[in-house]
Amino acid sequence: MNSNKAARRLLKSEPTSEASKTIAGLVLALQSEDGIDFKIASLYSLDLKTFEVAMEILHDWRLERYYNKKSKLYALARAVHGLAPIATADAADGSESDA
């Protein structure tokens, strides 16, 4: 089962448990651009199965960030090489074109 599905299942079945709060806090911290605090030591209190879900969430988040940055580089490289308009590359990184 993938980490997102396992996390959703936990959050739906036990929304008030400490494990759910820990997983929810981890997800919010990883997705936040505002730097939501997460106490990494709280992972220690999880049972092994839930801890493994947390590790899978971290792994998936890291891969997602890598591919997101890679796609921005690819879009810019295509624009520089003349295969796509510069505006497309700018849109890929969230900035506006100067043109």
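Let's start with Glu64, which sits in helix H3; helices here are DSSP runs of H or I with at least four residues, strands are E runs of at least two, and both are numbered from the N terminus. Glu64 is partly exposed, at a relative accessible area of 49%. On that scale, buried is under 20% relative accessible area, exposed is over 50%, and partly exposed is in between, with a 1.4 Å probe and protein chains only.

A word on what you are looking at. This is a predicted model, where local features need pLDDT of at least 70 and side-chain atom pairs count only at pLDDT 80 or more, while totals for chains, interfaces and linings use all residues. Residues are numbered from 1 along each chain as its sequence is written, and side-chain values use heavy atoms, leaving out hydrogens and water.

Back to Glu64, then. Patch members have over 30% relative accessible area and no salt bridge; like charges are joined within 9 Å, and nonpolar side chains (Val, Leu, Ile, Met, Phe, Trp, Tyr) within 5 Å. Lys and Arg count as positive, Asp and Glu as negative, and His and the chain ends are not counted. Each charge is placed at NZ of Lys, CZ of Arg, CG of Asp or CD of Glu. The areas are Shrake-Rupley values with a 1.4 Å probe, and for residues only the protein chains shown count as cover.

H3 runs over residues 48-80, and Tyr66 is in that helix too. Tyr66 itself is partly exposed, at 48% relative accessibility.

Now the positive charges. Which residues form the positive patch? They are Lys5, Arg8, Arg9, Lys12 and Lys49. Helix H1, residues 3-13, gives the largest share of that patch, 4 residues. Lys5 belongs to H1 and is partly exposed, with a relative accessible area of 42%.

What about the rest of H1? Its buried residues are Ser3, Ala6, Ala7 and Leu10. They share one side of H1 because their arc around the axis is only 95°, taken from the directions from the helix axis to the C-beta atoms. Over on the other side of H1, Lys12 and Ser13 are exposed.

Next, how many salt bridges are there in the whole structure? The search finds 1, with a salt bridge being a side-chain nitrogen of Lys or Arg within 4 Å of a carboxyl oxygen of Asp or Glu. Glu18 and Lys21 are the partners, and their closest N and O atoms are 3.8 Å apart. Why is about one helical turn the separation between Glu18 and Lys21? Because they are 3 residues apart in helix H2, residues 18-31. As a reminder, an α-helix has 3.6 residues a turn, so residues three or four places apart point the same way. Glu18 is exposed at 56% relative accessible area, whereas Lys21 is partly exposed at 48%.

H2 also holds Ile23, a buried residue with a relative accessible area of 0%. Between Ile23 and Phe51 there are 28 residues of sequence separation, and 8.9 Å in space, C-alpha to C-alpha.

Finally, the overall picture. The chain has 4 helices and 0 strands, in the order α-α-α-α along the sequence. Of its 99 residues, 25% count as buried. Thanks, everyone!
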